[in-house]
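Student: Could we go through this protein together, one question at a time?
Tutor: Gladly, let's look at it first.

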Amino acid sequence: KPEDIRLAYLLLVHEEPEQIIRLIKALNEANFRHSFVVHVDVKANSTYDALYEYSEKNQDTIRLILLDTRVSISWGGFNVVKATLLGLDQILQEFDGEFDWIVTLS
């Protein structure tokens, strides 16, 4: 049934932390049904800090992990693939068996 599907979201982000938080809030559902792993471009420290603060304040209502290993992303560069692979690896380590599908957004 659709209401039983559990998603793991992988977000590759760099700017506009307020928009990212709005996106996460819109995608999140109660009872920790969905999970989020976020890669923040290494050049976007203020975004990382804002998302870290959000995850700390909301850890009772959301499963959100920020990747510790961050890479510098350039449009069309291989590091987009590298960041995606890092995120997928984190999802498999943290949420193995706790999701039905992985959704990647960047």
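Student: Does His39 count as buried or exposed?
Tutor: A word on the source: this is a predicted model, where local features need pLDDT of at least 70 and side-chain atom pairs count only at pLDDT 80 or more, while totals for chains, interfaces and linings use all residues. Residues are numbered from 1 along each chain as its sequence is written, and side-chain values use heavy atoms, leaving out hydrogens and water. Buried means under 20% relative accessible area, exposed over 50% and partly exposed in between, with a 1.4 Å probe and protein chains only. Because the relative accessibility of His39 is 0%, His39 counts as buried.

Student: Which residues does His39 touch, not counting those up to four places away in sequence?
Tutor: His39 has its place in strand S2, and contact means heavy atoms within 4.5 Å. With that cut-off, the residues that His39 touches are Leu11, Leu12, Val13, Leu67, Thr69, Arg70, Val71, Ile73 and Ala83.

Student: What pattern does the protein chain follow along the sequence?
Tutor: Helices (H or I, at least four residues) and strands (E, at least two) are DSSP runs, numbered from the N terminus. The chain has three helices and four strands. Read along the sequence, they give β-α-β-α-β-α-β.

Student: At what angle do the axes of helix H1 and helix H2 cross?
Tutor: Two packed helices are described by the angle between their axes and the distance between the axes. Axes here are lines fitted to C-alpha atoms, for helices over the stretch in contact, and angles run from 0 to 180 degrees between N-to-C directions. H1 covers residues 17-27 and H2 residues 45-57; their axes come within 9 Å and cross at roughly 35 degrees.

Student: How many nonpolar, polar and charged residues are in the contact of H1 with H2?
Tutor: H1 brings Pro17, Ile20, Ile21, Ile24 and Lys25, and H2 brings Thr47, Ala50, Leu51 and Tyr54. Ala, Val, Leu, Ile, Met, Phe, Trp, Tyr, Cys and Pro count as nonpolar, Asp, Glu, Lys and Arg as charged, and the others, Gly among them, as polar. By class, the contact has seven nonpolar, one polar and one charged.

Student: Is Glu16 buried, partly exposed or exposed?
Tutor: Glu16 lies in the loop between strand S1 (7-13) and H1. Its phi is near 60 degrees, a positive value in a residue other than glycine. With a relative accessible area of 42%, Glu16 is partly exposed.

Student: And is Phe78 buried or exposed?
Tutor: Phe78 lies in the loop between strand S3 (63-66) and helix H3 (79-95). Since its relative accessible area is 60%, Phe78 is exposed.

Student: Which residues is Asn28 in contact with, leaving aside its neighbours within four places in sequence?
Tutor: Look in the loop between H1 and strand S2 (35-40), where Asn28 lies. Its contacts there are His34, Phe36, Thr61 and Ile62.

Student: What radius of gyration does the protein chain have?
Tutor: The radius is taken over C-alpha atoms, and the globule rule is 2.2 Å times the number of residues to the power 0.38. With 106 residues, a compact globule would have a radius near 13 Å, and the chain agrees, so the value is 13 Å.
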